[in-house]
Amino acid sequence: MTTHETRTWNNAKYPPPEIEGDDTQYAGRDGAMGKVRELVSVAYFGADENTFTEVQRLAELAGVKVERATVSRRVRGVLNFSQDPQVEHGVIAYFDPDFVPYFRSGRVPLDVKRDTAEVLELLVAVGATVRGKVVGVVGAQGGVGSTTLSIWLARELANLGRSVALIDMCPESAGLDMYYSGVDTPGNRWADLTGQGELLSGRLNDSLPEWKKVRVLSADDRGGVPSGAELGVKAISALSQVNQFTVLDLPQSCKAATSPEHSWLAWCDVVLMLCRTDELGIVQGQLAFDALRKENSVHVVAFGKGSKGMLAHIATRLGVPEVHPFRHQRGITNDLARGLAPGDRAKTRCASDVRALVKRIVEIEA
């Protein structure tokens, strides 16, 4: 971090903060502590409202939350900002000693108005260690409804009150928003992010179109996610910091270990792999499952006629305890043409299948 290189981190000159009336001992460099404090991502110590408000503003851009330490709320942060009473807008920044193996030790003085880049850098570093669940959806072959399922899953998770982002990870995609008549909705698409450098979580999330309480990063007529994995990784990292669930509509190319898109799988806490129920579909599903399960927790989803006997047969062939159904919804193509989005028909068997999948994903979260 450039902050570490250009600032002097000094323990003796900048001692730990104190809260008036608080007899709790702060953790020292040896890790000793008198009373246990609640651990939060970022803690602020001080009475100056202007300084605290500025730290809050920068934290929102970085996608992390700042907790204020008081006599009644005794907290310690992975990253801490202690008001410097000698300097207007001044703080002393330091990482908790328990996290020194991951971050720089010592303390550094900063002006939150003047040194915004340095403060943001510290906040982004903390934000990168905290994220929600990432769910990848990929087809073993084309035409199995992986994009429809991705959109539907995100919608159902949002219906449960979770914060959700949906990312179109297919480089050749025409755009997820075409599935729910959202093409003209204001907000950034992939083409707007090219050349932006580091993506700040809160700023990126707020810049995206919202559909059914889901933040959507989609392709449009200017193109999809750029070739190579770098910008895709930045987007996954940023949005998963500020959402409880991030759903990825993944390209089939991610299954190949030599493809740049393969690195996106490493971000997934669970992968849903869809395959057809005919013999060729099962064989292709087995090959895809064998490639995916080497590095991921994979749940198999059968697209098509989902009888119990067929699901059991596929489970036996793939060597998995169960296969989840995703029964084809008749007329879904016509529904999309008429402006009906995935999930608008809530009483179909397909909708029941999606809700069951969401229930399983939430169980994984717990």
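Biologist: What volume does the largest pocket have?
Modeller: The model is predicted, with residues numbered from 1 along each chain, local features needing pLDDT of at least 70 and side-chain atom pairs 80 or more, while totals for chains, interfaces and linings use all residues. Side-chain values use heavy atoms, without hydrogens or water. A pocket is an open set of 1 Å grid points, for a 1.4 Å probe, with protein on both sides within 12 Å along at least five of seven lines. Probe spheres on the joined points fill the volume, and for the largest pocket that is about 400 Å³.

Biologist: Which residues are closest to the centre of the largest pocket?
Modeller: Its lining (an atom within 4 Å of a point) has 27 residues. Strand S6 (133-139), helix H4 (146-159) and helix H10 (332-337) each give two or more of them (DSSP runs, helices H or I of at least four residues, strands E of at least two). Closest to the centre are Gly143, Val144, Gly145, Ser146 and Thr147.

Biologist: Which element gives the most to the lining of the second largest cavity?
Modeller: That cavity (points the probe fits but cannot leave) has a volume of about 60 Å³. Its lining includes Trp152, Ile332, Asp335, Leu336 and Arg345. With 3 residues, the most comes from H10.
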